[in-house]
Amino acid sequence: MNKPGFQPSLKGRALRLLSQREHSRAELERKLAVHEEVPGELAKALDALQAKDFINDGRAIESVIHRRAGKLGAARIRQELAAKGLSGEAVTEAMQTLRETELNRAQEVWRKKFGQPPADATERAKQMRFLLTRGFAAEVVRRVVQGGDAF
């Protein structure tokens, strides 16, 4: 598509990334740093995009939660948000909301994967490991696996 030798500007590269999904400012800085030729150029481009609300950390948080909450627990989602350079009060509020729905989300993930109570201790351990690796809290996992269909 691009002409040979054509190099998009930092702002153009950032817009291309943002057109695919929401990115945090820290994420864009990390991805675009290798393309910065003049020190401070990247910060200026990102400031301009942020001023026009193309970069919005609140939307990035909502996007991650929307995409991942159906499959992952609060701990894993917090880890993903931290990896994207997102933290602070908005993340704390989002985590509180996720914790309130953690049991229901874990039950749904368990139901899709297993659908029936474990037959023995080995199966119980397998089901618990499955939910724990997806970031659900240990107490929630215990309630889901021991409860089986009793919810």
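This section describes helix packing, the nonpolar core and selected residues in a predicted model.

Helix α1 spans residues 10-20 and helix α2 spans residues 25-32; their axes come within 11 Å and cross at roughly 125°. The two helices are therefore oblique to each other. The crossing of α1 with α2 is right-handed. On the α1 side, the contact is formed by Leu10, Arg13, Ala14, Leu17 and Leu18, and on the α2 side by Leu28, Lys31 and Leu32. Sorted by class, this contact comprises 6 nonpolar and 2 charged residues, with no polar ones.

Helix α2 also packs against helix α3, residues 41-51, at an angle of about 145° and with the axes 11 Å apart. The handedness of this crossing is right-handed. Arg25, Leu28, Glu29 and Leu32 of α2 meet Leu42, Ala43, Leu46, Asp47 and Gln50 of α3. The contact of α2 with α3 contains 5 nonpolar residues, 1 polar residue and 3 charged residues. Leu28 and Leu32 of α2 take part in the contact with α1, and both residues are also listed in the contact with α3.

Glutamate 41 lies in α3. Its relative accessibility is 33%, so the residue counts as partly exposed. When neighbours within four places in sequence are set aside, glutamate 41 is in contact with Leu10 and Glu36. Leu10 also belongs to the α1 side of the contact with α2. Between glutamate 41 and lysine 11, the separation is 30 residues in sequence and 9.6 Å in space, taken from C-alpha to C-alpha.

Aspartate 53 is placed in the loop between α3 and α4. The phi angle of aspartate 53 is near 65°, a positive value in a residue other than glycine. Most residues other than glycine have a negative phi. With a relative accessible area of 40%, aspartate 53 is partly exposed.

The axes of α4 and α5 come within 10 Å of each other and cross at roughly 145°. This crossing, too, is right-handed. The residues in contact are Ile61, Val64, Ile65 and Arg68 from α4, together with Arg76, Ile77, Glu80 and Leu81 from α5. The class composition of the contact of α4 with α5 is 5 nonpolar and 3 charged residues, and no polar residue is present.

The largest nonpolar core consists of 14 residues, and those with the most contacts inside it are Ile61, Ile65, Ile77, Leu81, Met95 and Leu98. Two or more residues are contributed to this core by each of α4 (57-68), α5 (74-83) and α6 (89-100). In soluble globular proteins, nonpolar side chains tend to be buried together.

With residues up to four places away in sequence excluded, isoleucine 61 touches Leu81, Leu86, Ala90, Val91 and Ala94. Under the same exclusion of sequence neighbours up to four places away, alanine 94 touches Ile61 and Ile65. Alanine 94 and leucine 32 are 62 residues apart along the chain, and their C-alpha atoms are separated by 27 Å. Leucine 32 is one of the α2 residues in the contact with α3.

Conventions: Residues are numbered from 1 along each chain as its sequence is written. This is a predicted model: local features need pLDDT of at least 70, side-chain atom pairs count only at pLDDT 80 or more; totals for chains, interfaces and linings use all residues. Side-chain values use heavy atoms; hydrogens and water are left out. Axes are lines fitted to C-alpha atoms, for helices over the stretch in contact, and angles run from 0 to 180 degrees between N-to-C directions. Helices (H or I, at least four residues) and strands (E, at least two) are DSSP runs, numbered from the N terminus. Angles under 35 degrees count as roughly parallel, over 145 as roughly antiparallel, 65 to 115 as roughly perpendicular and the rest as oblique. A crossing is left-handed if the near helix is turned anticlockwise from the far one by less than a right angle, and right-handed if clockwise. Contact means heavy atoms within 4.5 Å. Ala, Val, Leu, Ile, Met, Phe, Trp, Tyr, Cys and Pro count as nonpolar, Asp, Glu, Lys and Arg as charged, and the others, Gly among them, as polar. A nonpolar core is a set of buried Ala, Val, Leu, Ile, Met, Phe, Trp, Tyr and Cys residues joined through side-chain atoms within 4.5 Å. Buried means under 20% relative accessible area, exposed over 50%, partly exposed in between (1.4 Å probe, protein chains only).
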